[in-house]
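Morning, everyone, and thanks for coming. Let me put the model up, and then we can walk through it together.

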Amino acid sequence: MIVLENIEKTYENAGQKTPVLKGISFQIKAGEYVAIMGPSGSGKTTLMNIIGCLDKPTVGNYYLEGLDTVKLEDEALSQVRNRKIGFVFQLFHLLQRTTTLKNVMLPLIYAEKYPSNAEEIARKALAAVGLADRIHYRPNQLSGGEQQRVAIARALVNDPAIILADEPTGNLDSRSGIEILAIFKSLNEQGRTIVLISHDRSVAEHAGRILLLKDGKITGEEMVAEPRDAEEELRVLGQKEEDA
Amino acid sequence: MRTLGIALEGARALSAYKLRTFFMMAGTVVGIAALIAIMAVGKGTEARVMKRVNNWGPQAIMLISGGGKDLPPPDITVTTLTLEDAEAVRNSIDNLELVSPMAWKFYLGLKREANQIRSVVWGVEPNWHQAYDWYVSEGEGISAEDVATLDRVCVIGKTVREELFGEEDPFGKRIYLNNVGLTVKGILEERGTSPGGGDFDNRIILPITTAMRRVLNVDYIGAVRIITKDPSLIPGQVRAIRELMHRRHHITPPEEDDFRIITPMIIADLARGISRTLWILLMVLAVLSLLVGGVVMMNILLMSVSARREEIGLKRALGAKRKDIFIQFLTESLAVTLLGMVLGSFLGWGVSAIIATTTKMPVILSWQPFTIAVIFALLIGTFFGVQPARRAARLHPVEALR
């Protein structure tokens, strides 16, 4: 489903060339739950931008569901983002000025054809992340965890091929973080492909496979024999709280 | 449908940032309001000018005794304008329809038995009726024979008739003017009140010869009404008349003239009150304020593009094309100017209404200023909206999301 071949990305600033990605190749199959893990400065965000079709590699090929994305122009690439990719960001990136429902409907506005039942689709997506009763709230009336769940609903609303999450728990307390990871787990169980980017091993270990990124290269790959179970962790956390 | 959704998303952003929207809109509101009020006053003024010029006669030139530049009533102490001057104009100026000399006296006592009235007295030639397009409604007007024979006849206005005769039949009856008995032979068509408030119908006209020799005992006239064949010839004809009069009256400029020449253009300028130049200047100011408003709006939009990088980046990530972002921001600027246009139109309409009730300025509201307002709003919204919209559309999603 995702095929990266020898991806390089070099930024040029005032004649100074800074290579960030130095030849990256890997594949992710449909239905997989993969974490890309690396320290800050390893090129994680750049790699996510390329996988998310927000940016193009300087060298290399990237096929998304067989589509040669490197050859696509801005307009077609925008459609690929809209149809195939659901972004979840560290900073949520919700429009503060509008309701959760409108936030979730936003990707539908940019779809090739605006669905007549857009609101219903958005309501369902919000219900899927447990926020059916929050549709008329504004982001600043929600907790961080709830805001990230709105963002996930927004990512789901166009029924994308992959969910691309960049440090989705980075701005959350540990309990909310685990709740988000629990949602990812259940989405993955429903067959959704998830690519999770994190510097945190305890987060990455929720995935079935970890790609290790360092200095712009894939330095290793780990199959996680027994991925962490976010639901189990939540139960444990609940018990601890009761004990205390 | 897709574009509509994107445009609506732009409109939603406006309602979310109300203060910002207000500042963006302020220039347009004020500019459009000013434009509409100025155009309403302008149109009202032009209508007044047209009316005055039509009353005056668009083809009429008046040669009036006495210097200065003001309108009639003329200086009746100046005694240098003569029938011969009128004759000279008739003979030496080309393309004139007619030349009609007039002797006049303001507010002389008219008597009939116990009734009295003070009226304007005009001694006229038969062509006076054509010169003023003013005929009799009953009886007959002044004829060539009346003039030739110094006949003691007169034609009176409606007011004179009412005051002196009441319900009685005036025809063939005699009225007294300076102790000269005059037989009424006609009634002038009713004209009503002059723009200055005078009563047009309080007048009596009689043969010019009778007026000069029998009633007023003068050898000079008050004015000559000259009708040109072609209004476009007026400037040249006025020049020629002035030169002729200088020669005949031995006047060498800069010596002051002992006559005045009033044209429809002078009447128009007087009726305008504010000069055309000032009016154009006001229009330019209104348009400038629209442009300044547009520049302000563009700056606020440019700032808002920087402030809303996150929003732009997010929307790009969610699938918005460059074009979509462009449309959204252009919608914002167009919505601002169009909404500003609507508010400005109401404000301009209100200001016009206030001007109309509190000043003497004539105000006519019509649809044209509103059409122009729509056009201005679209032009300014587009012109000053394109740059910010383009900048927003060009933001790289990765940069914008950082």
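Helix α2 (residues 18-56) of chain B packs against helix α10 (residues 276-307) of chain B at an angle of about 165°, and their axes are 8 Å apart. Axes here are lines fitted to C-alpha atoms, for helices over the stretch in contact, and angles run from 0 to 180 degrees between N-to-C directions. That angle makes α2(B) roughly antiparallel to α10(B); the cut-offs are under 35 degrees for roughly parallel, over 145 for roughly antiparallel, 65 to 115 for roughly perpendicular, and oblique for the rest. Their crossing is left-handed, meaning the near helix is turned anticlockwise from the far one by less than a right angle, with clockwise giving right-handed. The contact of α2(B) with α10(B) has 18 nonpolar, eight polar and one charged residues. For those classes, Ala, Val, Leu, Ile, Met, Phe, Trp, Tyr, Cys and Pro count as nonpolar, Asp, Glu, Lys and Arg as charged, and the others, Gly among them, as polar.

A word on the ground rules. This is a predicted model, where local features need pLDDT of at least 70 and side-chain atom pairs count only at pLDDT 80 or more, while totals for chains, interfaces and linings use all residues. Residues are numbered from 1 along each chain as its sequence is written, and chains are lettered from A and ligands numbered from 1 in the order in which they are written. Helices (H or I, at least four residues) and strands (E, at least two) are DSSP runs, numbered from the N terminus.

Over to chain A. Helices α5 (residues 144-156) and α6 (residues 174-189) of chain A pack at about 20°, with axes 9 Å apart, and are therefore roughly parallel to each other. Here the crossing is right-handed. On the α5(A) side we find Gly144(A), Gly145(A), Gln148(A), Arg149(A) and Ile152(A), which meet Ser176(A), Glu179(A), Ile180(A) and Ile183(A) of α6(A); contact means C-beta atoms, placed from the backbone, within 7 Å.

Chain A also has an open, antiparallel sheet of four strands in the order β2-β1-β4-β5, where pairing takes at least two DSSP bridges. Its edge strands are β2 (16-28) and β5 (67-68).

So how do the chains meet? In all, 22 residues of chain A are in contact with 20 residues of chain B. On the chain A side, α2(A) gives the most, with six residues.

How values were computed
Contact = placed C-beta atoms within 7 Å.
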